[in-house]
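This note is for a colleague who is meeting the structure for the first time. Please keep the sequence and the model open while reading the numbered points.

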Amino acid sequence: MDDTSVYTKVDTPVISTDVTALTWEVDNTTALTQEITATYENLVGYVHPVISGPDHQYFTVTTTANVSPYKRSSTVKVKFKASKTQESYTAYLRLSSPMATDVIIPLTALNSAAVTGVESAISTDASLAPTEYYNLQGIRVTNPQPGQILIRRQGSKAEKVLF
């Protein structure tokens, strides 16, 4: 028997979450926190949560514990604190671990206290908002195909659909 006929099965490391995006609607500068449940399978290293993007300084992230390869899940807390003058904020939460596909969650916040003079021109009707699709791993899908199970997000409403 030679060494090439012996192999070890390696299960793919997976990070998954219970959300595909986080949105805040605020009318003051009070800090608000939302929680994400992240689950892990077959990790070979620690999970690293990082916030990046144009408005990253308004968001902070913490986890319930040191997320090691031996944990199966954790709670990730994302806190947002608005500025008095800015109307909208955009950033991204990235959960990464060696050999696992990164999970990227868009973070959006709207500060209605900063909006002046255009309240009547802005519609809050979710049916007028653009529709976005995400796969079950939280990755945005730009061209959904028939038969796919996806998360459809329109405005502040999200639901699982068979496309």
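This is a predicted model: local features need pLDDT of at least 70, side-chain atom pairs count only at pLDDT 80 or more; totals for chains, interfaces and linings use all residues.

1. In which sense do strand 11 and strand 12 pair, and over how many bridges? Strand 11 and strand 12 pair in the antiparallel sense over six bridges; two strands pair if DSSP finds at least two bridges between them. Strands (E, at least two residues) and helices (H or I, at least four residues) are DSSP runs, numbered from the N terminus.

2. Residues are numbered from 1 along each chain as its sequence is written, and side-chain values use heavy atoms, with hydrogens and water left out.

3. As to the overall make-up, the protein chain has twelve strands and zero helices. Of its 163 residues, 31% count as buried. Buried means under 20% relative accessible area, exposed over 50%, and partly exposed in between (1.4 Å probe, protein chains only). Among contacts between residues at least 6 apart in sequence, 58% join residues at least 24 apart; a contact means heavy atoms within 4.5 Å.

4. The pair raised in the opening point forms a hairpin: two residues lie between strand 11 and strand 12, and Gly 155 in the turn has a positive phi of about 65 degrees. Within this pair, Ile 151 stands opposite Lys 160 in strand 12. The bridge partner of Ile 149 is Leu 162, also in strand 12.

5. These strands belong to an open sheet of four strands in the order 10-9-11-12, with antiparallel pairing. Its edge strands are strand 10 (140-141) and strand 12, each of which pairs on one side only.

6. Another open sheet of four strands has the order 2-8-7-4, and its pairing is mixed. Strand 2 and strand 4 are the edge strands, each pairing on one side only. From one strand to the next, the twist averages 20 degrees; for such angles, axes are lines fitted to C-alpha atoms (for helices over the stretch in contact), and angles run from 0 to 180 degrees between N-to-C directions. Inside the sheet, strand 7 and strand 8 pair in the antiparallel sense over eight bridges, and Arg 94 stands opposite Ile 104 in strand 8.

7. Is Leu 107 buried or exposed? Leu 107 counts as buried because its relative accessible area is 0%. The residue is placed in strand 8 (residues 103-111). The C-alpha atoms of Leu 107 and Ala 91, 16 residues apart along the chain, are separated by 5.1 Å.

8. Asn 42 is classed as partly exposed because its relative accessible area is 34%. Met 99 is classed as exposed because its relative accessible area is 64%.

9. The second largest pocket is lined by 14 residues, and those nearest its centre are Thr 20, Ala 21, Arg 153, Ser 156 and Ala 158. Strand 2 (22-26), strand 11 (149-154) and strand 12 (157-162) each give two or more residues to this lining, and the largest share, four residues, comes from strand 12. The pocket holds about 170 Å³ of space. On a 1 Å grid over the protein atoms alone, a pocket is an open set of points where a 1.4 Å probe fits, with protein on both sides within 12 Å along at least five of seven lines; lining residues have an atom within 4 Å of a point. Grid points are joined across faces, edges and corners, and a volume is the space filled by probe spheres set on the points.

10. Thr 20, one of the residues nearest the centre of that pocket, lies in the loop between strand 1 (14-17) and strand 2. Thr 20 counts as buried because its relative accessible area is 10%. Beyond its neighbours within four places in sequence, the contacts of Thr 20 include Ile 105, Tyr 134 and Ile 151.
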